[in-house]
Amino acid sequence: MSWRVSSPSREAKETLRALRRAARNALELGIKTGTPVYVMKDNKIVDLTKEQGSRKSKSKRSSKK
């Protein structure tokens, strides 16, 4: 069963935008303070701060070459 609406209301769009902004801010704060930010990904609990940290360290290593 799909509950998707073909054209979401303005309020729904603003709500989704606010939720995305809050999630982004929570991740940034978690990275700055070393606090884990857990989400469900592929039916597993994942710490996004560890994922972001490994991505940043990989990009730093590749940029030093």
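Biologist: What percentage of the 65 residues in the protein is buried?

Modeller: Buried residues account for 11% of the 65. Keep in mind that this is a predicted model.

Biologist: And how much accessible surface does the protein have?

Modeller: About 6,200 Å², with 54% of that belonging to carbon and sulfur atoms.

Biologist: How many helices and strands are there?

Modeller: Two helices and two strands. Along the sequence they come in the pattern α-β-β-α.

Biologist: In what sense do the strands β1 and β2 pair, parallel or antiparallel?

Modeller: Antiparallel, over four bridges. Strand β1 covers residues 38–41 and strand β2 covers residues 44–47.

Biologist: What about the turn in that hairpin, how many residues sit between the strands?

Modeller: Two residues. Asp42 in this hairpin has a positive phi, near 55 degrees.

Biologist: Which residue in β2 stands opposite Lys41?

Modeller: That is Lys44.

Biologist: Changing topic. How many salt bridges does a search of the whole structure find?

Modeller: It finds two. In one of them, Lys41 pairs with Glu51, and the closest N and O atoms are 3.1 Å apart.

Biologist: Which parts does that pair tie together?

Modeller: Lys41 belongs to strand β1 and Glu51 to helix α2, residues 48–64, so the contact links parts that are ten residues apart in sequence.

Biologist: Is Lys41 buried or partly exposed?

Modeller: Lys41 is partly exposed, at a relative accessible area of 34%.

Biologist: Which side chain does Arg10 meet in a salt bridge?

Modeller: The side chain of Glu14, at 3.3 Å from N to O. Both residues are in helix α1, residues 10–33, and they are four residues apart, which is about one turn of the helix.

Biologist: How accessible are the two partners, starting with Arg10?

Modeller: Arg10 has 61% relative accessibility and counts as exposed. Glu14 has a relative accessible area of 36%, so the label there is partly exposed.

Biologist: One last topic, charge on the surface. Which residues gather in a patch of positive charge?

Modeller: Lys13, Arg17, Arg21 and Arg24 form that patch.

Biologist: Where is Arg17 found?

Modeller: Arg17 is in helix α1.

Technical notes: Residues numbered from 1 in each chain as written. Predicted model: local features only at pLDDT ≥ 70, side-chain atom pairs only at ≥ 80, totals over all residues. Heavy atoms only, no water. Pairing = 2+ DSSP bridges. Salt bridge = Lys/Arg side-chain N within 4 Å of Asp/Glu carboxyl O. Buried < 20%, exposed > 50% of the residue type's maximum accessible area, 1.4 Å probe, protein only. Patch = residues over 30% accessible without salt bridge, like charges linked within 9 Å, V, L, I, M, F, W, Y side chains within 5 Å. Areas by Shrake-Rupley, 256 points an atom, 1.4 Å probe, with all protein chains shown as cover. Lys, Arg positive; Asp, Glu negative; His and termini not counted. Charge placed at Lys NZ, Arg CZ, Asp CG, Glu CD.
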